[in-house]
Amino acid sequence: RDFGPDCRLTERIEENKYNTYASAEWRNKKKHMFVGLSANGKPMKGRKTRRKNTATHFLPIVVQPR
């Protein structure tokens, strides 16, 4: 399967032990565009997301192989 430039993300581990994911390709006014989920679980627009916004923080979970 081929993935385009929109699928490349930069992972960053924040000081609160959460992970944030920013687009490696796209920026809005030289600011990163982060992956974020609203309170309803819907994806947020990239231009409305910031690194410190809690909607963009994801808790990493270790998954054990079966």
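V62 lies in the segment that follows β3. Strands here are DSSP runs of E, at least two residues long, numbered from the N terminus. V62 is exposed, with a relative accessible area of 70%; exposed means over 50%, buried under 20% and partly exposed in between, with a 1.4 Å probe and protein chains only. Between the C-alpha atoms of V62 and T10 the separation is 19 Å, across 52 residues of chain.

This is a predicted model, in which local features need pLDDT of at least 70 and side-chain atom pairs count only at pLDDT 80 or more, while totals for chains, interfaces and linings use all residues. Residues are numbered from 1 along each chain as its sequence is written, and side-chain values use heavy atoms, leaving out hydrogens and water.

**Sheet layout**
- An open sheet holds 3 strands in the order β1-β2-β3, with antiparallel pairing.
- β1 (9-13) and β3 (31-34) are at the edges with a single partner strand each, so one side of each has no neighbour in the sheet.
- From one strand to the next, the twist averages 50°; axes are lines fitted to C-alpha atoms, and angles run from 0 to 180 degrees between N-to-C directions.

**Strand pairing**
- Two strands count as paired if DSSP finds at least two bridges between them.
- β1 and β2 (residues 19-28) run antiparallel and are joined by 5 bridges.
- R12 sits opposite T20 of β2.
- β2 and β3 also run antiparallel, through 3 bridges.
- A22 has F34 in β3 as its bridge partner.

**Hairpin**
- β2 and β3 make a hairpin with 2 residues between them.
- K29, in the turn, has a positive phi of about 55°.

Methods:
Helices (H or I, at least four residues) and strands (E, at least two) are DSSP runs, numbered from the N terminus.
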